[in-house]
Amino acid sequence: MKIYRLLAFILLTFCCLSTIAEAQSGDQILDGIGETDLIARYRLDVDAKDWSRNNLHALVKGADAAFIKDKKFGNVLSLSGKEKSFVSIPAETLTGVESLSICGWVFLQDDRQGQVIFDMGTDTKSHFSVSPAGNGSKGGLITQISTAAGTKHKTLAKALPIGQWSHIAIILDIPSKSVSYYLNGKKAATSDEVVLDLSKLFGNNMGQNYFSIGRPLATDGPYLNAKLHDVRIYRIPLNPRQVANIYGKDENRVNERKEPQDVFQEFPADRPQLFNEYLTGVDNVQVETKVGHLPRLPRYLKGRYRDGVDGPMVRVIWPAPKDNRTVLEVGQYTITGKIPGSSIAPTATVTIKGKDKGAAPEQNLEAFGLGEVTLDTDTHGHSSKFIENRDKFITTLAKTNPDDFLYMFRNAFGQQQPAGSKPLGVWDSQETKLRGHATGHYLTAIAQAYASTGYDRTLQSNFAEKMAHMVNTLFELSQMSGKPTSSGNGHTADPTAVPVGPGKASYDSDLSEEGIRTDFWNWGEGFISAYPPDQFIMLEQGAKYGGQKDQVWAPYYTLHKILAGLMDIYEVSGNEKALEVAKDMGYWVAARLGKLPTETLISMWNTYIAGEFGGMNEALSRLYRITNEPQYLEAAKLFDNITVFYGNSDHIHGLAKNVDTFRGLHANQHIPQIMGTLEMYRNTKSAPYYHIADNFWHMATNDYMYSIGGVAGARTPANAECFTSEPATLYKNGFSAGGQNETCATYNMLKLSRNLFLFHQDPAYMDYYERGLYNHILASVAENSPANTYHVPLRPGSIKQFGNPEMKGFTCCNGTAIESSTKLQNSIYFKSADDKSLYVNLFIPSTLKWKNQNVTIVQATAFPKEDHTRLTIQGKGTFDLKVRVPQWATKGMTIKINGKDEKIKAVPGSYATISRKWKNGDTIDLRIPFQFHLEPVMDQQNLASLFYGPILLAAQEDEPRKEWRKVTLNAKNIGQSISGDPEKLNFTINGVTYKPFYDTYGRHSVYLDVSLE
Ligand SMILES: [Zn+2]
């Protein structure tokens, strides 16, 4: 117990000091570097468990390894060097590392030659080791790298002292080509020109790799004789300040998030920033707003350029206040904006008019069911990228054993496992507090797969069986909750009266085989989850995020996936039991949360990760829509994230009034909540809910977006999963070292865009959808399997890392991936609720069966490998065809009907409407000429992504890079500097190949340092 008290103390101390505590409190045990940069942390005090969320638990082996008392650190691990004792670290630790830092405390007890502190790699020919005493005649600390190709790198430093604690850190900085060694927080040795690719040093197949503390890969060497404490492994090259901070062991400063800690390429202030160099002026603007609402300022203004350059719209960065003080009364004021790389300062005159009347649009569109739209091969008979990705997922999903996804549910309820079922790994393993989350995604994925596989009856019945099996089991379990067993023990039916577990003094999140409570009869009626109810209760009592027994992960996040999955199954198959399980658990949640004071709810939902609730507001509001039972809508309202939505409990501002309250927050913790507000609006018609979603979308896509459509990846705060600490500062505060663009966040942004489009047919939503779909979602899947990305790193020379090829261990992004790729056809077409209009949003070979109009529409194209598409009408009917003219279509769109040119207005960023009485066989040919264009980073415009039409082109790189790739393009026509084959989407600039990012599997540069001439 003592150790837990100590942990609680540490946690408490740094929560109070966290500099972003005003927004989100309750951060995890960290070191100011960023959770996503940490691979594993072994404190080695009582066990070798990994403290990070990655669950890369190590094993202590050998007869005389022991955790012993120590004056300096309390408890440490002792290895004697005699009985072949060592620490075995899971090989997965080395998966996809681009750079590597390892640090820890060592108390060396003798200086025998050949001992290793760390040794990792595939075999003695390809490995990386750190030896304390050295070999040969020269003593010292040696870091040694040998590669299979025969290269060797050695860094030699002064020998470690015997009989005292030393803190060592070894940093393999691959882009900088250096290996550095730090002793007690100070750099002690460096080797430069170390050309290395870790993916080649360590095998790609994790089974090949080996990683230990204390045991040499060469089996005849001596074992380590030392004491060890707090070993940490990072996926980034730590910088001197970070190492010094870790050595200073200021654990109470762990969440200091004042400024970026990692070194990043800087550009001089006088560096020309793309077209802004030619800028002579921009138009000022007039904007209107209502009292209380910050104005929505245009981020792009028309510019005037010199020297015959026809530059693009000019990005303006406006001040972004944290409240609405400037707009509390009717009147007028002026704001001055900035243009990066230019001294021109445009102004916006804001007129504040009367009160907001609370108007918001009605939902006037409907989506087609997944079974109504089928993906087709392209006009050359080839599978589209959409079909390829769909099939990778559908085939693998069809082979999964649903009992694996039920394993932890049965485990929680103390039930026998059926023969052949195996637990999932990663975030669903025995002791992971998020277990069950993959099951929720799985329910949705099999529901969507069932609805989407009308083209293959065998597959469809496979998924039908899986759905029935999953629901039957979950139903049986949920029926057991809160009811007496046949043996007649007592029970607790009331969800608000759940007692602590048998033999326990308090609620805890212990999910170990020995420690988990399984007294389901005490859990309140209707309870369903892959763990007991304790995590929900502990969150109410203020528990924070972390791996200890008095900490939680994100209980409501997990529950949201399960409820959404059950409702998805209900909606595609009419399975009443699925709805029953969701309703019963909805009742459980309503009962518990309904008793909490608002202040407690505010504090819960502001707690970092622990309070992450996915889209619980969406799920419960949807449950209300399906059942018409008001208790669910009331419960959904309890998930209002009041601070973010309304500023505070008086609703003074917040997103509802266009104030950016989400800067610096965890992206994927919040995007689903925003989606929830739209479902709340749908069911309550309360306009602020709509404004929250709409305002958020505009800010997120304008002020936080990378060119692939991702919105997360902050350097400040140091967390790859957060929005930057200030809007429109992607270069200053974004591009975090640990990766950017968490894929699940883009999955959610697409869902939000699509849902907003149902209310307001602004083509910008679908422009974003197209961007994210092609350049992130399609680009997130491995070449030959459904393995997929977590972060998609966009620093120069990055490489995508794909995980979960066999669907056996899921992170959040692996979870959303099985959803994304089983519904790729869902936003090509929409129809108006009155069936009088059809929206064609995306140019993807597909067939739509529009039942209410009794017509079939076939879209035949090889887009984006060609710039045209043909729609053929089968059947007849009178309706408006509304075709999206993308924003990128700067040369407009030509439309032919039955081969004849139609004079229809087709302005980029609008819908072209064709009203007609359609007859069988009518064809509509659309041609949308592609152009090259650059999309600069808003606050560092010389850094830009190259697009061809909607397709992001990535420079194909051979090796990791420190600096952005430099490119010079013709200022008057950038296309003149680019050669290549548009039909293959394969281009060349100065001998370097550019391919679609979705077709890029090796190293890439998505952002280029562009000069114009
Ligand atoms: Zn994710």
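Author: Happy to! Let's start with β12 and strand β13 (residues 186-191), which pair in the antiparallel sense over five bridges. Two strands count as paired if DSSP finds at least two bridges between them, and the elements are DSSP runs numbered from the N terminus: strands (E) of at least two residues, helices (H or I) of at least four. This is a predicted model, in which local features need pLDDT of at least 70 and side-chain atom pairs pLDDT 80 or more, while totals for chains, interfaces and linings use all residues. Residues are numbered from 1 along each chain as its sequence is written, and side-chain values use heavy atoms, without hydrogens or water.

Within this pairing, Y182 stands opposite K187 of β13. Two residues separate the strands of this hairpin, and N184 in its turn has a positive phi of about 50 degrees.

On to the other partner: β12 is also joined to strand β11 (residues 165-173), antiparallel again, by six bridges. Here Y182 of β12 is the bridge partner of A169. The hairpin of β11 and β12 has four residues between the strands, with K177 at a positive phi near 55 degrees.

Now for the metal. The zinc ion has E742 (OE), C744 (SG), C812 (SG) and C813 (SG) as protein donors at 2.2 to 2.3 Å, where donors are N, O and S atoms within 2.8 Å of the metal, or 3.2 Å for Na, K and Ca. Its site is tetrahedral, with angles of 85 to 127 degrees among the four donor atoms; that label requires all angles to lie between 85 and 135 degrees. For comparison, the ideal angle for four tetrahedral donors is 109.5 degrees.

Along the sequence, the donor residues follow the spacing E-x1-C-x67-C-C. E742, in the loop between α17 (730-733) and α18 (743-759), and C813, in helix α20 (residues 812-820), are 71 residues apart, so this pair links distant parts of the chain. Both E742 and C813 are buried.

Terms used: Tetrahedral: all angles 85-135°; square planar, octahedral: opposite > 155°, others 65-115°. Buried < 20%, exposed > 50% of the residue type's maximum accessible area, 1.4 Å probe, protein only.
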